[in-house]
Amino acid sequence: MERETMCIQAGYSPKNGESRMIPIIQSTTFKYDTSEDMGKLFDLEASGYFYTRLQNPTNDMVAAKLAALEGGTAGMLTSSGQAANFFSVFNIATCGDHIVSASTIYGGTFNLFNVTMRKMGIEFTFVDPDCSDEELEKAFRPNTKAVFGETIANPALVVFDIERFAKAAHAHGVPLIVDNTFATPINCRPIEWGADIVTHSTTKYLDGHDATVGGAIIDGGKFDWMAHADKFPGLTTPDASYHGITYAEKFGLGGAFITKCTAQLMRDFGSIQAPMNAFLLNLGIESLAVRVPRHCENAQKVAGYLSGHDKVAWVTYPGLPGDKYYERAKKYMPNGTCGVISFGLKGGRSAAEAFMKKLKVAMIATHVADAHTCILHPANSTHRQLTDEELIAGGVGPDLIRLSVGIENVNDIIADIEQALA
Ligand SMILES: *Cc1c(COP(=O)(O)O)cnc(C)c1O
C-alpha cells in the first residue's frame, strides 16, 4: 500500500459484519474462560489483552497503522509524546548508562533528559547536530546505549542528518532513535535512512486537530540486540518478572523492543493512551496525507511572503531556498518539510508583542502543528523566565516568533499577517 492508502486502511480490516470504523474498546479489563487462559497472557506465552493499563485493542489498531506508515515492524501508543520519548530511551538505558543526543531538541525532551533522567542516573551528552565527525566521535563512551535526534527540531527547525547519525550509532553498536513529530511519515520515514526506533508526539500533525495529547513508539525491527548482547541486558538476558523469558530470543528483531516496552514500562508506569483518544487520533491520521501537503504549501507561501517584507528581519524555514537546511531538507523530505516557521521582526521583542496583539486569524497558543494557524512568542511565554542572554544562547532569541501555519485559506493567513504588520 502507498502511504495515502495506509492512512485510511492499515491496522484494521473488519471481518464480515464487523464495524467499518475501528471500535472503541472502552474497557479496563477482559474476560477469560479459565485462569489457565489468563495465565498464558501473564507469562507472555499467548498474545491478548487483560488490563488496559498495559494494552488495549483500539490503541493497538492505531499503533499498527503508524507502524505500517513508518515502515516498522511493531508500534505502541503512549499517553503523550513525553512518555514516548522517555520509554524509547528508558527501555534500553538504565542507571549508569549514557546517551548521545542532538542539542537542538524540543524543550520538553531536553528537560526530560537533562534534569529528570539525569536524576535516574542516566548521563547525556548533547552535541550540535552539525558538529564535526571528530566531535561526534568524542561524544560516545563505552556505556553509550543510544543516539537521539529530531527529524526537524522543534522550534529550531534544524534538519537532522539521519544517515550520518545512524552510521555513527551503528559503528558503536547502538540504535538511533528519531523523533519524527514535525516531518510525519508523509514527508520522511527515518527508518528508511537508518533510524532504528521512531517516536512521535501524536498531539501534533498526526491528530492534527488540537483534540488529543498522545505519543507513539515504532520499532524498525532491524537493530540486532543479540549482536550487542552485553550492551542491552534488558533485552538479551532473562526477565525474572516474566518467568525468565528473554525478549530478543522470544520476540525476535521485529518484536523484542515493543514487547519489552509494553510488558515492563507500560506495566510499571501506566502511561497508556485512553482508547477514546486513540480513536480520535485515528480519525486525524485518516486525513494526514491530505493535510500535511497543504500545511507545507501554505507555510511555503507564508515564508516567502515574510522573507520579502521590509519589517521582517529574518525567516527560518527549511523549505525556503537559501535556508541553512534547504539542501538537507531536499534530500530527506523532497515533498515538503512542515508547517512551522520562525521569524523575527526588525523591531525585536517589543515589535513581536505589538504584532501578535493585532492578529485575528492566527491564534496565540502554546501549540504547534495542527489545522489551526497558531503563533507563540517564546520569550514572553514558554521561555519567559530566561534573560535575553540565556535566550540567545538557547537559540531562541528574544525576537523569535514561532508561527505554525494551519490549513485555512493561505490568503486569509497572509492578509492577517499583513494587517498586523501594518
Ligand atoms: C510536542 C513535542 C513533544 C512532546 O509531546 P507531548 O505530546 O506534548 O507530550 C516531543 N517532541 C516534539 C518534537 C514535540 O513537538
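1. Domain 1 and domain 2 bury about 2500 Å² between them, and 61% of that area is on carbon and sulfur atoms. Buried area is the accessible area, taken with a 1.4 Å probe, that two parts lose on being put together, summed over both. Leu157, Asn187 and Tyr205 supply 29% of what domain 1 buries against domain 2, more than any other three residues.

2. A word on the basis. This is a predicted model, in which local features need pLDDT of at least 70 and side-chain atom pairs count only at pLDDT 80 or more, while totals for chains, interfaces and linings use all residues. Residues are numbered from 1 along each chain as its sequence is written, and side-chain values use heavy atoms, with hydrogens and water left out.

3. Where are the domains? Domain 1 spans 3-283 and domain 2 spans 290-421; such bounds come from an automatic or database domain assignment. Their C-alpha centres lie 29 Å apart. The contact (heavy atoms within 4.5 Å) takes 29 residues from domain 1 and 29 residues from domain 2.

4. The interface of domain 1 and domain 2 holds 3 salt bridges. A salt bridge is a side-chain nitrogen of Lys or Arg within 4 Å of a carboxyl oxygen of Asp or Glu. Lys331 forms a salt bridge with Glu163, with the closest N and O atoms 2.6 Å apart. On the domain 1 side, helix H7 (162-171) and helix H8 (184-187) each supply at least two residues that touch domain 2. Helices (H or I, at least four residues) and strands (E, at least two) are DSSP runs, numbered from the N terminus.

5. Now the sheet. It is open, with 5 strands in the order E8-E9-E12-E11-E10 and mixed pairing. Two strands pair if DSSP finds at least two bridges between them. Strand E8 (312-316) and strand E10 (363-364) are at the edges, each with a single partner strand, so one side of each has no neighbour in the sheet. Strand E9 (340-345) and strand E12 (401-404) run antiparallel, joined by 4 bridges. Ser342 has Arg402 in E12 as its bridge partner.

6. Two backbone details deserve a look. Asn154 and Pro155 are joined by a cis peptide bond, with omega about 5°. Pro155 sits in the loop between strand E4 (144-150) and H7. His243 has a phi near 55°, a positive value in a residue other than glycine. His243 lies in the loop between helix H9 (233-236) and helix H10 (247-269).
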